[in-house]
Amino acid sequence: MSDTARGKAAPAWKTLSVGGMAGLTSCVLLQPMDLLKTRMQQERSPTVSSLSATQRLVRAFRSVVDTSGTLGLWRGTVPTIVRNVPGVAAYFYTLNELRWLVATWQIPVLSSRPGPARTQDSSTMARLSSTGNILTGAVARVSIGLVLNPISIVKARYESSHYAKDAYPTITASLRSLYHDGGFRGFFRGFSATALRDAPYAGLYLAVYEQYKVWLGQWTRAGTGAWWVVGMSGMCAGAIATVLTHPFDILKTRMQTTPKSMLEPHLASAGQRSIWGTTRHILATDGVRAFADGLGLRCARKAASSMIGWSIFELGHRWVS
């Protein structure tokens, strides 16, 4: 076993607890940005299509505050916490274990070359090649996304203005409604678009994150473990990966929140919400500009979330004993 592989695995409770803390913090702080992003990505209306992104953001903000008050910006926080706290914890745990396994087995192309042992100044996770970073990040993210997709749909509908507040009184009632509308397959509506968004996002994110830590650590001589190096690397990686995968986030939101009555007749009657069908619907009704809806907001949200989440995970992983 090389020095880049596992000396001794971190206890599961440690990785899960720190990951859960990272998920909870970003959920509570950044929920308003998630809600406004969902509102901006909903079906456009003729009165909205001509507005700039800033005007649409202000319009969405005022609409929420006028109808539900300031606390309305946190609508959907409960399903967000239900999804993200265990989801982020499970993601960090799965990613950590997967990376240690790949490093331990010294898989060609994926594992990094044997080198000096990790120090307190380095990453808390095993070092891999760029290809290994991309693959392990994608596998971990998509696997957790599949399990939590039903809660993701509930979260999106809580945030959407297409569904009344009392349409989903509880998460259990929401899941029953999803099953009633689409059977077991209804729980995984939009997962194809989610996977096409999350796989490249997670892979790109991890590769950029690890590389930026090395660059910033060497450039400033602060080391890869410095808190601001970790935070800045997470923020930059989140922004870059978000820009490159945003169209699939639009598709995911539309597939999960657009009622059948607003779909094209042939799609609604067939109960289809495929990626291709949704793409055609967006292009026909809103044009190609719709694929940039909420990009600035999502980019800011992901950058902030990445900075918060990875800082808590990396630093908390070292502090918790």
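This is a predicted model: local features need pLDDT of at least 70, side-chain atom pairs count only at pLDDT 80 or more; totals for chains, interfaces and linings use all residues.
Helices here are DSSP runs of H or I with at least four residues, strands are E runs of at least two, and both are numbered from the N terminus.

View 1. Residues are numbered from 1 along each chain as its sequence is written, and side-chain values use heavy atoms, with hydrogens and water left out. You get 12 helices and zero strands. Of the 321 residues, 53% are buried (under 20% relative accessible area; exposed is over 50%, partly exposed in between; 1.4 Å probe, protein chains only).

**View 2. Aromatic rings gather around F187.** Ring pairs tie Y179, F184, F187 and F188 into a cluster. Rings of Phe, Tyr and Trp (its six-membered ring) pair if their centres lie within 6.5 Å; planes under 30 degrees apart are stacked, over 60 edge-to-face, the rest tilted. The structure has seven aromatic pairs. In one of them, the F184 and F187 ring centres are 6.1 Å apart with planes at 90°, so this pair is edge-to-face. F184 is exposed at 56% relative accessible area, while F187 is buried at 16%.

**View 3. K302 sits over Y201.** The charged end of K302 is 5.0 Å from the centre of the Y201 ring (the cut-offs: NZ of Lys or CZ of Arg within 6 Å of the ring centre and within 35 degrees of the ring normal).

**View 4. S160 is tucked into a loop.** Look for S160 between α6 (149–159) and α7 (171–182). S160 is buried, at 0% relative accessibility. Leaving out residues up to four places away in sequence, S160 touches T38, R39, Q42, R75 and T257 (contact means heavy atoms within 4.5 Å).
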